[in-house]
Structure formats: C-alpha cells, structure tokens
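Thanks for coming. I will take a few minutes on the aromatic rings in this one.

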Amino acid sequence: MDILLTGIKPTGKLTLGNYLGVMKRLKTYQEQYDCYFFIADLHALTLPIEPEVLKNNTLDVLSLFIASGINPKKSTLFLQSQVSEHAELNTILMNYLYMGELSRMTQFKSITEKMKNEAIGLGIFTYPVLMSADIVLYNASFVPVGEDQTQHVELARDLVHRFNKKYGDILTLPRTLVNTSSKRIMSLSDPSKKMSKSDPKGDIFLLDDEKTITKKVMSAVTDMVGKIQYDPTNQPGISNLINIYASLKSISIEEVENMFKDANYGTFKKEVAKAINDELTPLKEKYAKIRNSDELNSILALGAKKASERARPILNKVKKAVGLIVNE
Ligand code: AMP
C-alpha cells in the first residue's frame, strides 16, 4: 500500500482553509493509503510562540484530527517532536539543499518581508529541509497539501533527485495531492490573500461558535456586480464563497452558480454560513469530547512508537548511504 503523509503546524487556531484544503479529505485517504498524519510542532517553533500556547494548540490539532475522522489505530497519528528521527534526518539533509534555493521560497520571502524589523530565527529559512525530512523519512509517495505548500514539496522532490543521483535509489519521490476545488481558501476580509492562521483577519476558525461564523460570512467582502458567478479576477469575494460552498457540499462551481443564479448576495451568504455550520457543528461536538478525555496521551504514545518503527530503518539506510556508521 502506498504511503501518504501530511502535517499541520500547531501555530494557531485551525481555519476553514486548513479544513477544506486538507483535513476534510484525510478520512477517505485512510481507506486507500497507509497514512501518516502528524502535528508539526517543531515547525511551530520557527516563529515566536509561547510554550503554553504551543501545548494547547498541539492538543487542539490532535483532537481535531480525530474529530475529523482519523482513526489513530488505523493511521499513524503522532507529534513530530516525539519521533527524533525527524531531527536526525534534518541534520543530514541540510547539506543537500542550497541556500539559494531556500531563499527563493515564497513563504520565506513573505515572512521575512513582514518581519523585516524583527529578529528572525534560522528555522524559518531551513523550514523546507525539515519538511523534506518529514516526507522522505517514511518513503511517502503522496503528500496532500494546500496549494500554498506545493513549492516546498517541489523542493523535496529536487532533493530526492539530487540525493538518489549521488547515492543510488535510496529515497522515494513524493507527489503532492492538491484538492483542485478547494486548493486555496481566501480571507473573507481580503480575498486577495489566503485564509491563514498567521493573518487572522477574515478567518473562520474551526472552533468559532455558530453565531460568530454567521456574522463573519454575512460581513464578507463582496463587490458591486450583484451576480453570483465564479470570476476570481473581478469578483474575488463571491468566487471565494462559491468555492467554499462547492467544497463543503462536494459539488461543482457550475452547480453552485446555477443554484444561486437568481439569488442576491444576502441570501447566498446565509446559505454559505449554514453550510459551514452544518459541517463544523458536529465536528466541534466530537472535538469537545476528545479534547477532554484522558486518551490523548496514550494515542500519542502509540503514534510515536508506530512512526519511529517505520522511520528508523529508512533513516539508517540514509545514514549508511552517506557514510555514517550505524550500529544495528
Ligand atoms: P499550516 O497551517 O500552514 O500547517 O497548513 C496545514 C495545511 O493546510 C497545509 O497543507 C496547507 O497547505 C493547508 N492550508 C492552510 N491554509 C490554507 C488555505 N487558506 N487554503 C487551502 N489550504 C490551506
């Protein structure tokens, strides 16, 4: 069975972008692939974060994974920091990606642009190395991500080509799986920007209550055209809402346009808010039960054990290939 892997950073409250971009699909992947889902807590340290916030976010993301239908017995669900092979492989792979390549990553450029007057840790620069290590450590063939992460997976592919050319067929070449319909969910207040935890204006958080969600959708930025049609250039706000509705209902953009061809923006927005709440209310109920249960620690212990058992032989293969001595 092919290996599929994806991770989410516990840097803030998860958004509808995370959910529609990636999370919603994971349950079905579980039936088709050998799945590795992890919480990228080491990646969360690349931008300043308070320890208590990180801890709480980590348990929130873990609970949301389970609430969204991930079965920790069927899939391997774990914390990146609890599988030390990630950090070990990162140290080795650092030498196979180049400074020029890393400085061209759009995520690095936009974060450094935003933080230009602040001290910036090295981790944000080397982020794609650790992400490459995360992927190749399990010989993952498929990596479901939102469109914002595809450049990093491309870099991981370059690394695999480079490494295998030098040492033989050691690493598996990963491929992205991008959800074509909801590859990029945009901010409700500025639909030219993606909905992002690090820029929370215009976000819908998965744990927002129903009233807040409805209020946010009703005040989403639209336009003066007055027609519900998919035209991201001239009607980016309405197009984003169409996309959200289509993803939630698993229908096409055209179907949404047809359904609402005679509706006004107010009516359409009400239906979008209802669709979001219909999806998120049951998710929040499951989340609350799991988040307050004692099971989380044992789920993490099981996940770390399973992940490490898979990762260690692959790491050893890499170590041997580059000339490090492994005691087995
Ligand atoms: P992150 O929150 O950066 O760890 O991202 C977790 C996953 O959610 C990654 O696969 C991202 O590509 C995806 N993602 C984050 N924001 C969005 C968005 N606005 N639209 C679609 N996918 C997203």
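What follows is a short walk through some ring pairs, a cluster and a charge.

The model is predicted, so local features need pLDDT of at least 70 and side-chain atom pairs count only at pLDDT 80 or more, while totals for chains, interfaces and linings use all residues. Residues are numbered from 1 along each chain as its sequence is written, and side-chain values use heavy atoms, with hydrogens and water left out.

Rings of Phe, Tyr and Trp (its six-membered ring) pair if their centres lie within 6.5 Å; planes under 30 degrees apart are stacked, over 60 edge-to-face, and the rest tilted. That rule gives 13 aromatic pairs.

One of them is Tyr 33 with Phe 142: the centres are 5.2 Å apart and the planes at 50 degrees, so the pair is tilted. Tyr 33 is in the loop between H1 and strand S2 (34-39), and Phe 142 is in strand S4 (residues 142-144), 109 residues apart. Helices (H or I, at least four residues) and strands (E, at least two) are DSSP runs, numbered from the N terminus. Tyr 33 is buried at 17% relative accessibility; buried means under 20% relative accessible area, with a 1.4 Å probe and protein chains only. Phe 142 is buried too, at 10%.

Next, Phe 37 and Phe 65 have ring centres 6.1 Å apart and planes at 20 degrees, so they are stacked. Phe 37 lies in strand S2 and Phe 65 in helix H3 (residues 51-67). Phe 37 has a relative accessible area of 0%, and Phe 65 is also at 0%.

Tyr 36, Phe 38, Phe 78 and Tyr 138 make up one aromatic cluster.

Last, the charged end of Lys 13 sits over the ring of Phe 205, 4.6 Å from its centre. For that, NZ of Lys or CZ of Arg must be within 6 Å of the ring centre and within 35 degrees of the ring normal.

Notes:
Buried < 20%, exposed > 50% of the residue type's maximum accessible area, 1.4 Å probe, protein only.
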